[in-house]
Amino acid sequence: YYRLKRTRFFAAPSWFLYTRSQDFYDHGNTSLFTYKVRETGGTFDLGYAAGRSSELRLGYKLTRLHTYVTSGTPDLRSLSGMVGATRVRFTHDGMDHIVPNSGLYFSFDGEWVNRWPGARKQFPILESRVAHARKLGESYTLLHTMSGGTTISTGFGFPPFTLGGPTRLAALARNQIIGNHYYYNGLYLMRSLSKDKLPFLSGFRAMLGYEIGNAFTSGDPPRPFNDGVVGLIRQTPIGVVFVGGSFGERGEKKIFITVGRFFY
């Protein structure tokens with residue numbers, strides 16, 4: 001991140017290697033096959049910092065995407081090739097803490113993809129996220145998060161959106177549902193725990209949440225999936241620590257511990 005001659009303008013080049021291995025599911029909880037996704041490349045952004053909490057970026061991403069099946073009988077063919085996209089991003093982060101008591105977060109990402117493995121034409125990728133936190137008395141905080149994305153068009157090989165995992169429909173396996181459209185809504189109530197009555201949990205908050213959302217491809221039914229989340233959460237120097245579990249509408253159950261970014 002380089003400021004340009006002490007102005008509000010900046011340049012932000014980056015390079016990354018991203019890989020994940022996951023199961024591909026049917027419309028229920030049955031795993032059909034396992035595949036791996038690997039993406040390597042970089043971005044170059046030019047931007048403007050409008051104060052301490054907002055910025056606007058314009059840049060280009062060029063990466064190499066490779067997907068291949070590691071076990072099971074695939075319905076998706078392996079894909080390999082270059083990804084190129086012109087992108088714009090606006091972010092406003094007015095939250096007071098990483099695990100917030102109050103504030104507003106908003107982001108918008110827009111990409112015009114001119115290269116994508118398996119695509120027959122160029123297409124956009126649009127995604128937005130909103131989160132709002134407010135204090136309820138001395139001990140309670142209410143956090144509401146919403147996000148959604150779409151490619152608008154179809155006819156390319158590998159959908160870009162997934163749901164599943166903590167704060168992304170926690171009762172499902174990580175990235176369990178995939179599509180070229182998605183929507184998500186989460187409502188979380190957090191309560192500070194008493195240092196006097198529960199000293200061994202000092203700094204933690206009890207959290208109760210409700211989630212609803214779905215990821216789908218054009219033509220698939222966009223019926224929402226619902227689940228509930230309960231656990232303990234705390235902000236630490238190494239990231240947000242959450243210990244808890246989730247229960248889904250079809251009997252799904254998950255117990256998990258996470259360290260790192262959590263809400264958005």
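Is Leu169 buried or exposed, and what is its relative accessible area? Leu169 is buried, with a relative accessible area of 0%, where buried means under 20% relative accessible area, exposed over 50%, and partly exposed in between (1.4 Å probe, protein chains only). The structure is a predicted model, in which local features need pLDDT of at least 70 and side-chain atom pairs count only at pLDDT 80 or more, whereas totals for chains, interfaces and linings use all residues. Residues are numbered from 1 along each chain as its sequence is written, and side-chain values use heavy atoms, with hydrogens and water left out.

Leu169 lies in the loop between S9 and S10, strands being DSSP runs of E with at least two residues, numbered from the N terminus. The phi angle of Leu169 is near 80 degrees, a positive value in a residue other than glycine. Thr167 lies in the loop between strand S9 (161-163) and strand S10 (177-179). Its phi is near 60 degrees, a positive value in a residue other than glycine. Thr167 counts as buried, at 7% relative accessibility.

In soluble globular proteins, nonpolar side chains tend to be buried together. The largest nonpolar core has 42 residues, and those with the most contacts inside it are Trp116, Leu143, Met207, Ile233 and Phe263. Such a core is a set of buried Ala, Val, Leu, Ile, Met, Phe, Trp, Tyr and Cys residues joined through side-chain atoms within 4.5 Å. Beyond its neighbours within four places in sequence, Leu143 is in contact (heavy atoms within 4.5 Å) with residues including Met95, Pro100, Tyr188 and Phe263. Gly244, in strand S14 (residues 239-248), is buried, with a relative accessible area of 14%. Gly244 and Met207 are 37 residues apart in sequence and 8.9 Å apart in space, C-alpha to C-alpha.

Eight aromatic pairs are found in the whole structure. In one of them, the ring centres of Trp116 and Phe123 are 5.7 Å apart and the planes stand at 75 degrees, so the pair is edge-to-face. Rings of Phe, Tyr and Trp (its six-membered ring) pair if their centres lie within 6.5 Å; planes under 30 degrees apart count as stacked, over 60 as edge-to-face and the rest as tilted. Trp116 and Phe123 are both buried. One aromatic cluster is formed by Phe242, Phe256 and Phe262.

The structure holds nine salt bridges, each a side-chain nitrogen of Lys or Arg within 4 Å of a carboxyl oxygen of Asp or Glu. Arg223 and Glu249 meet through their side chains in a salt bridge (3.0 Å, N to O). This pair links distant parts of the chain, 26 residues apart: Arg223 is in the loop between strand S12 (205-216) and strand S13 (225-236), and Glu249 in the loop between S14 and strand S15 (253-260). Arg223 counts as exposed, at 51% relative accessibility, whereas Glu249 is partly exposed, at 34%. Glu249 also meets Arg250 in a salt bridge (3.8 Å, N to O). A network of salt bridges links Asp45, Glu55, Arg57 and Arg87.

Conventions. Helices (H or I, at least four residues) and strands (E, at least two) are DSSP runs, numbered from the N terminus.
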